[in-house]
Every structure is written in C-alpha cells, then in structure tokens.
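Please look over the structure shown here before reading on.

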Amino acid sequence: MKIFVTGGAGFIGSHLVRKLLREGNEVVVLDNLSTGSLDNIADVLDNPALYFTEGDVCDKNLTLKLSSGCGQMYHLAAAVGVKLIIDRPIHTIKTNIYGSEVMLETAHQHGAKLLIASTSEVYGKTEKVPFCEDDDTIYGSTTHPRWAYACSKAVDEFLSLAYYRQKGLKVLVGRFFNTIGPGQTGRYGMVVPRFIDAALKDEPIKVYGSGEQSRCFGAVWDVIRAADMLMSTEDAFGGVYNIGNDKPISIMKLAERIVELTGSKSEIVLVPYEKAYGKDFDDMMVRQPSLEKVREKTGFKPAYSLDMILQ
Ligand code: NAD
C-alpha cells in the first residue's frame, strides 16, 4: 500500500515510517523539519519505497498533490514540546488546527483512511466544582500557558469526528500519552531524554515541581503498533482512543531509576515549576490512560515495560 505520513521525520513518525517500510509499503513523508530531522530517518533515506518532501502540511496544494494515490494517512505533524507551545501559542493553534483541517480535507478528497494524533493533554484538570470563569485549574482557561496545545488538539478531535459524521470520512483519533524511545530528544523539555542526558554526564538531574507527579510512559514501538492495529480495524473509525502504557511512575522515582540504571553520580535536585517554565505554569499530578477501549477494539496490550525502554 502507499501510505502518507506527515511529521515522518519526527520522533514517533520516524519509527512509524521504518515499520511501514519494513512491512513492504511505499511511504510518502511530508515534514517541514521544524522539530524533526533527516537524521531520524537517515537509515532509510535511500530506500526506493520512501518519498520524502520538506514542506508544510498547511500548504494545501502541496499536501493534496503529494498524497495522491495513498490509501492510508497518518497525521503526526504538529507544533509540540512544552517550551515551544508556551513561547509560540498563536503558531501552535494555527499549525495544529489548520494542519488537521488540510489533512481531513485531503483524506476526504482521496478517499483515504486517516489517523489524527491527539494528546492526553485534552483531559485537562477538571477537579474543582462549580466552574468559575477565572479558575486556572482547568486547561480550558484561556489564561493557561499550555492552553494553546490542549485546545488546538481538542479542536482537531472535534473536526475529525465532524468529518466522520458529516462526510463519512474513515478517520480515527489516537490520544497519545507520554511516548518515549530512541530518537526522542530532550531539546523541547521531554523528561526521559533530559534525565538520561544529565545522568550520562553525571550532571544534576532537575526534577520540576515536587517530583510526586506521575506519568505513564509508553514505548514508541507499542504506540505505533496500536495506531497500526486501529487503522486495520474497520469499525474503529469515528472513535477516539487512548494510546500508551497504563503503568504510572512518579517523576522522582523515574529520576532515581535512571540514576540506578546508568550507574550515574548525578544528584537529583528539585526545581520549582516557575523557574523552569515561568510563573503561571502548572502541571497535572496524574496522567494515566484507560486502555480498555483500544484493547477491546484491537486486542492491543503494551509489550514494553518502562525498564525495557530505558535499557
Ligand atoms: P516531533 O516534534 O518529533 O514530531 C513532529 C514532526 O512534525 C516533526 O518532524 C516536525 O518537523 C513536523 N512538523 C511540525 N510542524 C509541521 C508542519 N507545519 N508541516 C510539516 N511538518 C511539521 O514530535 P512527536 O513526539 O513525534 O509527536 C508526533 C505527534 O504525536 C504530534 O502530533 C504530537 O502532538 C503527538 N503526541 C506526542 C506525544 C509524545 O509523548 N511524544 C504525546 C502526545 C501526543
């Protein structure tokens, strides 16, 4: 099959591209190399089944032309990374919403199946009732610096489901949770590569906040397998699915485990959020998916434990 991947030179995209090529597909990649890099796909660049173009998914004509003949499409291109989305909220909203709209329209015109990558950030922090206009306890608050990313991805989800209902497009939404693996860089504040870099250099490992906040880290190989399984399941379209691992670990324990595994002399230091990201920054204490829906639909279960990925 001929498959179109936006963001295919990024962290998750490059793993997906390699998997699709291994399985004998032709893969067309569109990436503007803003956060991705050709280094991520250097090992497959001379594969005759790979067609790479540097360009922007928001360029409607280019996207439509390049993806002609593709029966499946994965839309992974997005403005991502905590630092980027806080520094450039307008760019984040425009890229993520318009990019998805272009992909929905493109898939519709070509009669292709489409996966839209969303995020666990859309769950926000709904703990306090009743809701008050100026609460910053929910990501829905327009004053919240991370709102641009969560909101843009939430709009992408609504748009996708509207295309499914109104136009019959075979589209599904993968709500990715924290994904880790080879090729992810610490440049945009991603916690695991940042800790491993520091540990390997015996430099202090900076844990933001109290360190008690927990996350579930999914292996990139599991994430792309789940995405692929969903795309091959006819009655998965029109649905939204959590994708990741459901075993939580606190960020402090993660730092300690990385020190242990690397035999590092690094000390672990606590840094207040405001020093790292500015004064309004706040974070979710827990982020854990239910994987029931994807399991029920496809039989997917994560194969990699955190230790296996870290090793
Ligand atoms: P990444 O930054 O490595 O990949 C994104 C890719 O998209 C990059 O190669 C970048 O150059 C490209 N890109 C950005 N804007 C573009 C544009 N306008 N046109 C063309 N290409 C563009 O990030 P990633 O971690 O691989 O994320 C992939 C997708 O998964 C994103 O949609 C992201 O929101 C989602 N996601 C990732 C995680 C995670 O933990 N990594 C978690 C939740 C959701």
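This is a predicted model. E9, residues 214-216, is joined to E12 by 3 bridges, and the two run antiparallel. Within that pairing, Ser-214 has Ser-250 of E12 as its bridge partner.

The other sheet to trace is also open, with 7 strands in the order E3-E2-E1-E4-E5-E6-E11 and parallel pairing. Its edge strands are E3 (50-54) and E11 (240-243), each of which pairs on one side only. From one strand to the next the twist averages 20°. At the E3 end, 5 bridges pair E2 with E3 in the parallel sense; Val-27 has Leu-50 in E3 as its bridge partner.

Next comes the ligand. There are 29 residues around the ligand, and Gly-7, Gly-10, Thr-35, Gly-36 and Ala-78 come nearest. The elements giving two or more residues to this shell are helix H1 (11-22), strand E2 (26-31), helix H4 and strand E5 (113-119). Of these, H1 gives the most, with 3 residues.

H4, residues 89-110, can be followed along its length. Its 22 residues reach 31 Å from the first C-alpha to the last, close to the 32 Å expected at 1.5 Å a residue. Buried residues in H4 include Thr-92, Thr-95, Asn-96, Gly-99 and Ser-100, and also Val-102, Met-103, Leu-104, Thr-106 and Ala-107. After H4 comes Gly-111, which has a positive phi, near 65°.

Which residues does Leu-114 touch, leaving aside those up to four places away in sequence? Met-103, Leu-104 and Ala-107 are among them, and these three are buried residues of H4. Leu-114 also touches Met-73, His-75, Leu-169, Lys-170 and Val-171.

Leu-114 is also one of the residues with the most contacts inside the largest nonpolar core, which has 81 residues. In soluble globular proteins, nonpolar side chains tend to be buried together.

Key:
Residues numbered from 1 in each chain as written. Predicted model: local features only at pLDDT ≥ 70, side-chain atom pairs only at ≥ 80, totals over all residues. Core = buried A, V, L, I, M, F, W, Y, C linked by C-beta atoms within 7 Å. Buried ≥ 20, exposed ≤ 12 C-beta atoms within 10 Å, placed from the backbone. Contact = placed C-beta atoms within 7 Å. Pairing = 2+ DSSP bridges. Helix = DSSP H or I, 4+ residues; strand = E, 2+ residues; numbered from the N terminus. Expected span 1.5 Å × (residues − 1). Near = placed C-beta within 6 Å. Axes fitted to C-alpha atoms, helices over the stretch in contact; angles between N-to-C directions.
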